Amino acid sequence: LTVSLASGMTTKFFPLFFKNIVHMSPASVQGIYLVVPLCMAVMSIIAQASSRKLGRVLAIMLFRGTGVALLGVMIALER
């Protein structure tokens, strides 16, 4: 529940984070938004393959945990 609520709140502010904290240009931020769907497509294929080997629940926990950890890295870089 917390992950679902938090992701809805944070994704809206990613462009501001990249602009104000990381000091990226608007074109670079748009580049990220171009690459993200491609990465999501690749990662969904990898997640599907890993779910066959690990099981669905373990694969979901692994990928969700990775997402939360990467969000934590973004927060740590901000400080």
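I take helices as DSSP runs of H or I with at least four residues, and strands as runs of E with at least two, both numbered from the N terminus.

Entry 1: the model. I am working with a predicted model, in which local features need pLDDT of at least 70 and side-chain atom pairs count only at pLDDT 80 or more, while totals for chains, interfaces and linings use all residues. I number residues from 1 along each chain as its sequence is written, and side-chain values use heavy atoms, with hydrogens and water left out.

Entry 2: the fold. I looked up the secondary structure and found four helices and zero strands in the chain. Along the sequence I read the pattern α-α-α-α. Of the 79 residues in the chain, 8% are buried. Here buried means under 20% relative accessible area, exposed means over 50%, and partly exposed lies in between (1.4 Å probe, protein chains only).

Entry 3: I checked His23, which sits in the loop between α2 and α3. The phi of His23 is near 60°, a positive value in a residue other than glycine. His23 counts as exposed because its relative accessibility is 65%.

Entry 4: α2 against α3. I looked up how helix α2 (residues 14-21) packs on helix α3 (residues 26-54), and found an angle of about 140° with the axes 10 Å apart. That angle makes α2 oblique to α3. The cut-offs are under 35 degrees for roughly parallel, over 145 for roughly antiparallel, 65 to 115 for roughly perpendicular, and oblique for the rest. Axes are lines fitted to C-alpha atoms, for helices over the stretch in contact, and angles run from 0 to 180 degrees between N-to-C directions. I noted the crossing of α2 and α3 as right-handed. A crossing is right-handed if the near helix is turned clockwise from the far one by less than a right angle, and left-handed if anticlockwise. Phe14, Pro15, Phe18 and Lys19 of α2 make the contact with Val29, Ile32 and Tyr33 of α3; contact means heavy atoms within 4.5 Å. I sorted these contact residues into six nonpolar, no polar and one charged. Ala, Val, Leu, Ile, Met, Phe, Trp, Tyr, Cys and Pro count as nonpolar, Asp, Glu, Lys and Arg as charged, and the others, Gly among them, as polar.

Entry 5: α2 against α4. I found α2 and helix α4 (residues 56-78) packed at about 35°, with their axes 11 Å apart. The crossing of α2 and α4 is left-handed. From α2, Phe14, Phe17, Phe18 and Ile21 meet Leu71, Met74 and Glu78 of α4. This contact also divides into six nonpolar, no polar and one charged.

Entry 6: I found two aromatic pairs in the structure. Rings of Phe, Tyr and Trp (its six-membered ring) pair if their centres lie within 6.5 Å, and planes under 30 degrees apart count as stacked, over 60 as edge-to-face and the rest as tilted. Phe14 and Phe18 form a tilted pair, 6.2 Å centre to centre with 50° between the planes. Both lie in helix α2, four residues apart, about one turn of the helix. For accessibility, I noted Phe14 as partly exposed at 21%, Phe17 as buried at 15% and Phe18 as buried at 15%.
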